[in-house]
Each structure stands twice: as C-alpha cells, then as structure tokens.
Amino acid sequence: MGYVKYEQKDLVGVVTIDREKALNALNTEVLADLEAVVDAIDLGKTRCVIITGAGQKAFVAGADIGAMSTMTKEQGRAFSKRGNDVFRKIESLPVPVIAAVNGFALGGGCELSLSCDIRIASENALFGQPEAGLGITPGFGGTQRLARTIGVGKAKELIYTCGKVKAEEALKIGLVNAVYPADQLMEECIKLAGKIARNAPIAVRQCKKAINLGLQMDIDSAVSLEAELFSFCLDTKDQKNAMTAFCEKRKPDPFIN
Ligand code: HXC
C-alpha cells in the first residue's frame with residue numbers, strides 16, 4: 001500500500017493518497033493501494049473517514065495522463081471501470097467520508113472528491129474536469145456525480161469548457177461545504193468528523209443509506225426506505241439510551257453500537 005497511507009485517529013480514519021511528486025495522480029497502482037486501504041478499514045472502530053492528498057499542492061491532480069496517453073480502447077475501458085469500482089466502494093462505505101481537498105482536484109481528483117459525502121476545501125483548492133481539453137470525457141463518474149452535486153446546467157458548463165473552480169466559487173455553487181486556510185484544513189476536517197462520530201453510529205449509517213439509496217428512487221419508494229431505516233433504529237441500544245436520557249432530562253451515555 002505504498003501510495004496510500006492510513007492513520008486511525010480515535011474513531012476517525014484518515015486516508016492519504018501519497019504520490020506527491022506526480023501531484024497524487026491516479027494510476028492503476030495508486031487505485032489498487034486505495035482500494036486495499038479502504039477494504040482494510042476497521043468499521044467496528046471507525047465512524048467517519050477523511051480522504052486527502054499528500055503535500056501542500058494537490059488533493060489529486062487527476063488520472064495519470066502519461067499512463068492514459070498510450071492506452072488502447074480496451075485498456076481505457078478497464079481503467080475507467082477500475083476507478084469507478086474503487087470510487088463506488090468509497091461512496092458505499094457505510095460510514096460518512098469527508099474529502100479534505102488540499103489543492104488541485106482535477107479530473108479524477110475532482111471525481112474522487114465527488115464520491116465522498118462531504119467536501120471541505122483549503123483556500124488554494126482548485127476543482128475542474130479538464131478532460132475535454134485532453135480529448136477524453138471524465139471517466140471516473142464526473143459526468144454523473146458533478147451534475148448530481150451542483151446541478152446539470154453548471155456541470156455541463158464546467159465539463160464542456162474545462163472551467164476551473166477556485167475554493168470560494170466552489171463554496172458558492174455547493175461543490176464544497178466549507179473553505180479554510182490550508183494550515184487549518186485537517187484540523188477542521190477532524191473536528192467535523194468528530195461531530196459525526198459523536199452521534200449514534202447506527203443512526204448515522206442509516207441516514208447515509210437513506211440519502212444515497214433514496215436519491216436513486218422515486219419519492220414513494222424513497223420515503224418508504226426511510227421509514228424502514230427509521231424503524232430499524234428503534235431496535236437499537238443507542239436509541240433507547242438517547243431517548244430515555246431526553247425524557248429524564250439528562251445527557252445520554254456515550255453511544256456504543
Ligand atoms: C500525471 C501529473 C498529473 C497527471 C501532474 N502531474 N498532474 N502526472 N498525470 N494528471 C505531474 C507532472 O507531470 C509533473 O511531473 C508533476 O506532477 C508536477 O506537475 P507540474 O505540472 O510541474 O506542476 P504545476 O506547474 O504546478 O501544474 C500543476 C497542474 C498541472 C496545473 C495540476 O500539473 C496539470 O495541469 N496537471 C494535469 C491536470 C489534469 O489535466 N488532470 C485531469 C487528467 S484526466 P514531472 O515528472 O514533470 O515533475 C483525468 C481523467 C479521469 O483525470 C478519468 C479516467 C478514466
């Protein structure tokens with residue numbers, strides 16, 4: 001797992017893509033390392049995951065252009081599938097994932113951030129899908145997740161023009177949730193992850209499931225899924241703990257399951 005590091009900070013897992021010399025560009029080795037690290041996360045003791053890039057300059061500057069430059073159609077299809085599979089795995093992690101976007105998030109880097117639940121950016125972050133300028137389309141889900149995140153019109157404009165979005169603009173268009181000076185980014189992401197980790201873990205997981213799966217359904221199926229997940233929570237110790245505490249006008253015990 002040479003290109004991807006993992007650190008457990010209490011209930012929060014921090015994943016760092018570490019190919020700094022190439023601005024953390026994604027090739028098949030990096031994708032394999034990222035998948036291995038994600039697979040190895042101990043979900044019994046992790047309530048939130050943060051993904052970031054090594055160094056001060058880049059989150060991920062895209063898929064590896066050198067590697068793609070000589071790919072055949074079949075190799076390209078396999079490469080796109082590989083990235084999509086890993087990103088779907090990240091998107092489908094049962095716990096929330098925060099992208100700590102510490103610089104360039106271009107092409108596959110922007111797509112990686114979009115497979116996370118929440119994006120928090122440093123002031124020097126720069127987002128974009130430059131693929132059309134390289135003679136390709138986005139291939140790790142960008143056409144789909146960017147449109148779902150910021151709306152179809154703005155996503156089309158950015159993808160067709162290869163427009164770049166600075167952190168402040170990203171905040172305005174809803175691409176990121178917050179922007180911080182670079183030296184505060186990780187601290188703020190850890191704080192946010194800590195807030196998530198303090199809530200009832202099963203409930204948080206069910207919330208993620210309800211939002212992610214529900215958004216792909218018609219509204220009747222989606223609210224019915226929500227009702228299922230809500231009622232599932234009524235069977236948990238955390239719910240008994242929290243609601244009994246409320247009724248007894250005291251704080252709940254720390255959540256356990
Ligand atoms: C391979 C990359 C890379 C990339 C940077 N590097 N981005 N290598 N693939 N995507 C390498 C450079 O070649 C260079 O290596 C080193 O990182 C530092 O980059 P510089 O260009 O010297 O830095 P700088 O001048 O600061 O410019 C930074 C930059 C620029 C603006 C981010 O590197 C850039 O435009 N990169 C490409 C961004 C991009 O187009 N991404 C989308 C790719 S397509 P050396 O060895 O020279 O020091 C994509 C498709 C996804 O992601 C879907 C696939 C299926």
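User: Which residue stands opposite A58 in β6?

Analyst: A58 faces F104 in β6. This is a predicted model, in which local features need pLDDT of at least 70, side-chain atom pairs count only at pLDDT 80 or more, and totals for chains, interfaces and linings use all residues. Residues are numbered from 1 along each chain as its sequence is written.

User: How do you know that β4 and β6 pair?

Analyst: Two strands pair if DSSP finds at least two bridges between them. β4 and β6 (residues 104–106) are joined by 2 bridges and run parallel, so they meet that definition. Strands themselves are DSSP runs of E with at least two residues, while helices are runs of H or I with at least four, numbered from the N terminus.

User: What makes β4 an edge strand?

Analyst: β4 (58–60) pairs on one side only, and β9 (164–166) does likewise. The two belong to an open sheet of 4 strands with the order β4-β6-β8-β9 and mixed pairing. Neighbouring strands in this sheet are turned by 20 degrees against each other on average, direction ignored; the axes behind such angles are lines fitted to C-alpha atoms, for helices over the stretch in contact, and angles run from 0 to 180 degrees between N-to-C directions.

User: Is K73 buried or exposed, and why?

Analyst: A residue is buried if 20 or more other C-beta atoms lie within 10 Å of its own, exposed if 12 or fewer, and partly exposed in between, with C-beta atoms placed from the backbone. K73 has 7 such neighbours inside 10 Å, so it counts as exposed. K73 is part of helix α3 (residues 73–91). From K73 to A58 there are 15 residues in sequence and 29 Å in space, C-alpha to C-alpha.

User: Why is D10 called exposed?

Analyst: D10 has 12 other C-beta atoms within 10 Å, so it is exposed. D10 sits in the loop between β1 (4–9) and β2 (12–17). Its phi is positive, about 60 degrees, although D10 is not a glycine.

User: What do β1 and β2 form, and how many residues lie between them?

Analyst: β1 and β2 form a hairpin with 2 residues between them, and D10 is in the turn. The two strands run antiparallel and are joined by 6 bridges. Within this pair, K5 stands opposite T16 in β2.

User: Which strand pairs with β2 in the parallel sense?

Analyst: β3 does, over 6 bridges. G13 stands opposite V49 in β3. In general, strands of a sheet pair through backbone hydrogen bonds, either parallel or antiparallel.

User: Why do β1 and β10 stand at the edges?

Analyst: The open sheet here has 6 strands in the order β1-β2-β3-β5-β7-β10, with mixed pairing. β1 and β10 (178–180) each have a single partner strand, so one side of each is left without a neighbour in the sheet. The twist averages 20 degrees from one strand to the next.

User: Is T46 buried or exposed, and why?

Analyst: T46 has 20 C-beta neighbours inside 10 Å, so it counts as buried. T46 lies in the loop between α1 (28–40) and β3 (48–53). Two residues are in contact if their C-beta atoms, placed from the backbone, lie within 7 Å. Leaving out residues up to four places away in sequence, T46 touches L11, G13, I41 and V95. T46 and V12 are 34 residues apart in sequence and 5.4 Å apart in space, C-alpha to C-alpha.

User: What makes K249 exposed?

Analyst: K249 has 6 other C-beta atoms within 10 Å, so it is exposed. K249 is in the segment after α11 (237–247). Phi of K249 is near 55 degrees, a positive value in a residue other than glycine.

User: How do you know that the chain is as compact as a globular protein of that length?

Analyst: The chain's secondary structure comes to 11 helices and 10 strands. Its radius of gyration is 19 Å, close to the 18 Å that the globule rule gives for 257 residues, so the chain is as compact as a globular protein of that length. The radius is taken over C-alpha atoms, and the rule is 2.2 Å times the number of residues to the power 0.38. Buried residues make up 40% of the 257 residues.
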